[in-house]
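Open the viewer and follow the stops below. Each one says what to select and what is there.

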Amino acid sequence: MTDQSVSRADSALGCQDLTKSFLGVRAVNGATFEVPRGQITALIGPNGAGKTTVVNILSGLMKSDGGTMHLESTETTNWESEKIARLGLMRTFQLSRELGGLTVLENLLVAPHDQPGEKLFNIFFRPGRVTKAEKAHVERALEVLRTYGLYELRDSRASDLSGGQKKLLEISRAVMAGPKVLLLDEPMAGVNPALIERIGGYILDLKAQGVTVLMVEHNLNVVEKICDHVIVLAEGRTLATGRLSDLRENKEVVSAYLGEVIDASAIS
Ligand SMILES: Nc1ncnc2c1ncn2[C@@H]1O[C@H](COP(=O)(O)OP(=O)(O)OP(=O)(O)O)[C@@H](O)[C@H]1O
Ligand SMILES: [Mg+2]
């Protein structure tokens with residue numbers, strides 16, 4: 001199966017026939033889609049549809065049992081996450097993964113994409129000896145914190161942040177390296193309406209900077225507002241892809257997801 005809705009030439013990221021089982025249960029069962037370059041794509045579907053598992057596979061956190069995937073023109077099937085990150089793909093987690101014992105700033109300095117420990121040692125333990133590159137790294141982190149409204153909290157322990165602030169920290173950590181492709185797993189879940197609006201604005205800003213975004217999202221009002229393209233996943237397979245307005249006309253999608261989970265009027 002191939003996704004005909006986005007040509008391979010326009011795709012920044014994609015997968016074909018991905019499968020993944022946990023203890024005999026098929027969590028992902030043939031997921032196939034392309035993510036258009038430079039756009040914001042929503043990955044939607046009922047709880048347990050396999051959305052997070054697909055994100056885990058695409059980011060290299062988990063190996064698939066079968067199928068293939070690509071980042072731009074590079075086949076990345078079963079690559080390690082570090083290698084995928086080096087090609088410019090970063091992701092956030094559905095449950096924030098901040099390092100609670102570290103400060104907000106330190107969380108950015110040790111963000112997963114970063115160089116191994118050696119270079120960071122000086123920043124933490126021999127501040128007098130920091131090199132130019134290390135200084136630039138700190139400057140970059142402070143700039144990212146400013147962008148996401150966390151600058152004032154830079155010396156706070158990450159564990160002391162509110163749920164919403166932790167979501168912002170997740171995004172900051174992923175953005176730190178200047179990703180080309182960003183995977184966001186429910187970046188607005190459990191967040192108040194004002195912050196939902198703000199995070200939506202940040203995601204649109206990233207798009208304006210040329211970043212390709214694939215975001216798992218349950219809130220269809222958000223999807224309608226900021227997403228260009230939608231992928232519907234159900235029982236581990238791609239049910240449909242396209243614009244949200246087109247999918248609303250798709251009976252299979254409505255009965256499998258839209259109609260049951262959300263009052264159709266909420267997205268009209
Ligand atoms: N590590 C794991 N071990 C066992 N089963 C798992 C594991 N991860 C996911 N699953 C199962 O795989 C299926 C898909 O889970 P997944 O988390 O990918 O769904 P999801 O679409 O992200 O759901 P949600 O909207 O609730 O976040 C579920 O049945 C889940 O229980
Ligand atoms: Mg999930």
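**From one residue pair to the ligand**

Start by selecting Arg91, which stands opposite Leu183 in strand 7. Keep in mind that this is a predicted model.

Now widen the selection to strand 6 and to strand 7, residues 181–185. The two run parallel, joined by three bridges.

Next, select helix 1. Helix 1 packs on the sheet. Its contacts are with strand 3 (40–44), strand 6, strand 7, strand 8 (212–216) and strand 9 (229–234). Against the direction of strand 7, the direction of helix 1 makes about 150°.

Move on to helix 7, residues 193–208. Helix 7 also packs on the sheet, touching strand 3, strand 7 and strand 8. Its direction makes about 150° with that of strand 8.

In what order do its six strands lie? The order is 6-7-8-3-9-10, in an open sheet with mixed pairing. At the edges are strand 6 (89–91) and strand 10 (237–242), each pairing on one side only. On average, neighbouring strands are turned by 15° against each other, direction ignored.

Last stop: ligand 1. Select the residues around it: Phe22, Val25, Ala27, Gly45, Asn47, Gly48, Ala49, Gly50, Lys51, Thr52, Thr53 and Gln94. Four are nonpolar, seven polar and one charged.

Which elements each supply at least two residues of this shell? They are strand 2 (25–36) and helix 1 (51–58). Helix 1 gives the largest share, three residues.

Note on methods:
Residues are numbered from 1 along each chain as its sequence is written. Chains are lettered from A and ligands numbered from 1 in the order in which they are written. This is a predicted model: local features need pLDDT of at least 70, side-chain atom pairs count only at pLDDT 80 or more; totals for chains, interfaces and linings use all residues. A residue is near a molecule or strand if its C-beta atom, placed from the backbone, lies within 6 Å of it. Helices (H or I, at least four residues) and strands (E, at least two) are DSSP runs, numbered from the N terminus. Ala, Val, Leu, Ile, Met, Phe, Trp, Tyr, Cys and Pro count as nonpolar, Asp, Glu, Lys and Arg as charged, and the others, Gly among them, as polar. Two strands pair if DSSP finds at least two bridges between them. Axes are lines fitted to C-alpha atoms, for helices over the stretch in contact, and angles run from 0 to 180 degrees between N-to-C directions. Two residues are in contact if their C-beta atoms, placed from the backbone, lie within 7 Å.
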